[in-house]
Amino acid sequence: MVDILKTAIEFLKGVGPIKADLLKKELNIFEYNDLLNYYPYRYIDKSKVNRVTEISEESGIVQLKGKILSLRIIGENRAKRLVAEFSDETGTIELVWFNSIKWIKEYIKANQTYLVFGKPTIFGRKYNITHPEIEEFNQNETVLSVPFQPLYNTSEKLKKKNIDSRAISRMIQTMLPQIEAFIPEIINANTLKECNLIRREDALFNIHFPKSKPLLSQSIYRLKFEELYFNQLKLLKTRQVRLQKNKGHCFGKIGNNFNDFFFHHLPFELTDAQKRVIKEIRFDMRGPSQMNRLLQGDVGSGKTVVALMAMLIALDNDTQSCIMTPTEVLSQQHYSTISKLLEGMNIRIELLTGSTKASAKRKILTDLATGEISIIIGTHALIEDDVCFKNLGLTIIDEQHRFGVAQRAKLWSKNIPSPHILVMTATPIPRTLAMTLFGDLSVSIIDELPKNRKPIDTLHFYDKSRLQIQGIMKKQIDKGRQVYVVFPLIEESVNLDLKHLQEGYESLSHDFPLPHYAISVVHGKMKPLEKQFEMERFKKGETNILISTTVIEVGVDVPNATVMVIEDAQRFGLLQLHQLRGRVGRGSDQSFCVLVTGYDLTQDGKDRIQAMLNTNDGFEIANLDLKIRGPGDIEGTRQSGLLDLKLADISKDEHILLLARSKAEELITKDPELSSVESIKEKGYLTELLKKSPSWAFVS
């Protein structure tokens, strides 16, 4: 049977090959189904038309019906704008466009009746509407019989070919009668009833041409649930397949290396959270399936020692381990920390990065292949073809969101059976984001800091408070402590009026109360060996101040550093500010994070600064960041390919996500193979989804 929803879009009446080509390139609309799922971004309430004389300062978005009396272009170059005098039977108002002037001037005709939609503002004691949506009024057109007119995103190229929002609306209106009898229901009847969901056919019709506000709300809810429900089914199903088919090493014993380290070399007492997470990892590694676990822990929570103890379990079971990091700075830090922890134990650990000399690399590769190296730490160098292991039992990826999926996959494939997988991040992930991105992984959270840590005191100063900021720095340096100063730029930018690193260095070198303080400088444009040299000077206490860009965001551990000064703090993301703050407070002394800004803060900037002042809790910070920026901007979610949501917003729809997750788990638990009559709808749609997007379940 032919699936009419897969009909090529060029065969829709009024489209043809030329328009179809544009729809494919500009909107990714290839077939009827793509057009059906191209949802409006907003609706015009056609049931109410405002009058010009009704407009006031309290008016929100209004809809006006009237005629264009005149058009004129004012100004030149960047100051150029198109101004139209618009009139209804009660008065006139100006419509103003700064963009798309040529297209709008050609589109608008004098004495033609238009519907205008936008928010009035006052300029020069007169009301105007900037960049209004405007369309010809046609009383006889059937679309206007719908009380809520849909508005669709389009592009300049499409508009030039007369494919605007109205044209897309007409296409959908032409298509719907043809496909009405062929829209399948993809959720089982019990779930529809229990979750009070309307039929899919009704939801799709009413999201495009809603008959009422309640029906529109029900349609949006239904389609959001559907997106999140299948997102969770996909993750749960791929996890199930991985556990069934991807057998891992069975690490049956805890041996001498683990016990020797735990009883004789561990320099501090583990927190209860660390002990709990080690037990969870130990349970997974006993087999029979490959471990695929995400380890979350706030900055300074002790993820590295947990990772090391997992590697010692692997070593006790005659296998090797590796840690891959996104930067040489982080690799160096892990190598230094783990080497120090393993002092006195007969365990060989090596470092492999792009800066490793050729002769040393040859020796490392040989010894890795023969099994003489037990633990190797490195950057992307670890996934090169010439890197071979004798028996790789555990792979650990730190700051995993910075690697592409294919890069991670290359590391997993270096051993048969597949190594156990532990992915770590110091970037707290909100629960909703973790469920939609990493729902196929087991999750461990270290939610407790070491007992000797004091909360970091976060302060906010404006640019002009330099003496106070320098006073904090001087007081800590005089106590024998050290200071970070972080800038957003290396050199002065023509476009951005930000403090830059070079200026900061010169200022601290010459204007600081005690100019004999030693200063290190680290930034991304330096050669790796230069960065390493400067970092080592700071770690050894040979310099008092480290001036840096965000290259120190992760992987720098200097317990003696107690002050983090962040210049132009409003230019950093909230999670990035939190990561930078985490570079201090790693010892037992009171530490400080000083946020420096100008006075001209945006509302988002104010929100980020206030969030930093209010809490040190990384997970609370992550949730606030999700609300401020939205899920699409969180680092790593774009490349994941899993957060492909058209309607649902995980920062606002947590209640729908939790319900969708519970129903997906319920279905998979009751019918793991989705083979029953009840699950047949979900199975068919899920199969189609997995065909369109390759499953990366085996590589996190």
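## A residue pair in the parallel sheet

H460 stands opposite L595 in strand 22. Strand 17 and strand 22 (residues 592-597) are paired in the parallel sense over 6 bridges; two strands count as paired if DSSP finds at least two bridges between them. Helices (H or I, at least four residues) and strands (E, at least two) are DSSP runs, numbered from the N terminus.

The model is a predicted one, in which local features need pLDDT of at least 70 and side-chain atom pairs count only at pLDDT 80 or more, while totals for chains, interfaces and linings use all residues. Residues are numbered from 1 along each chain as its sequence is written, and side-chain values use heavy atoms, with hydrogens and water left out.

## The chain as a whole

The protein chain contains 24 helices and 22 strands. Of its 700 residues, 53% are buried, where buried means under 20% relative accessible area, exposed over 50%, and partly exposed in between (1.4 Å probe, protein chains only). The chain exposes about 32,700 Å², and carbon and sulfur atoms supply 51% of that area. Accessible areas come from the Shrake-Rupley method with a 1.4 Å probe; for residues, only the protein chains shown count as cover.

Contact means heavy atoms within 4.5 Å. Among contacts between residues at least 6 apart in sequence, 74% join residues at least 24 apart.

An open sheet is formed by 6 strands in the order 17-22-21-18-20-19, with parallel pairing. Its edge strands are strand 17 (457-462) and strand 19 (519-522), each of which pairs on one side only. On average, neighbouring strands of this sheet are turned by 20° against each other, direction ignored. Axes are lines fitted to C-alpha atoms, for helices over the stretch in contact, and angles run from 0 to 180 degrees between N-to-C directions.

Strand 20 has parallel pairing with strand 18 over 4 bridges, and V485 stands opposite I547 in strand 20. Strand 19 also pairs with strand 20 in the parallel sense, over 4 bridges; here V522 stands opposite S548 in strand 20. The chain crosses from strand 19 through helix 18 to strand 20, and this β-α-β crossover is right-handed. A crossover is right-handed if, with the strands pointing away from the viewer, the path from the first strand over the helix to the second runs clockwise. Within strand 20, I545 and I547 point one way and L546 and S548 the other way, and all are buried.

## Helices on this sheet

Strand 17 and strand 22 pair over 6 bridges. Helix 18 (residues 528-539) packs on the sheet and touches strand 18 (482-486), strand 19, strand 20 (545-548) and strand 21 (561-566). The direction of helix 18 makes about 145° with that of strand 19.

Helix 19 packs on the sheet as well, touching strand 17, strand 18, strand 21 and strand 22, and its direction makes about 155° with that of strand 21. Because 7 of the 8 residues of helix 19 (residues 574-581) are buried, this helix is largely enclosed by the rest of the structure. The buried residues of helix 19 are L574, L575, L577, H578, Q579, L580 and R581.

Another open sheet has 7 strands in the order 6-7-4-3-2-5-8, with mixed pairing. Strand 6 (120-123) and strand 8 (133-136) stand at its edges with a single partner strand each, so one side of each is left without a neighbour in the sheet. Neighbouring strands of this sheet are turned by 45° against each other on average, direction ignored.

Strand 2 (residues 62-74) and strand 3 (residues 81-87) pair in the antiparallel sense over 7 bridges. The bridge partner of I73 is L82 in strand 3.

## Strands 10 and 16

Strand 10 (residues 292-297) pairs with strand 16 in the parallel sense over 5 bridges, and the bridge partner of Q296 in strand 16 is I445.

## Cysteines and a lysine pair

A search of the whole structure finds 0 disulfides, a disulfide being a pair of cysteine sulfur atoms within 2.5 Å. C388 counts as partly exposed, at 42% relative accessibility, whereas C593 counts as buried, at 0%.

K627 lies in helix 21 (residues 618-629) and is exposed, with a relative accessible area of 61%. K627 and K652 are 25 residues apart in sequence and 7.7 Å apart in space, C-alpha to C-alpha.
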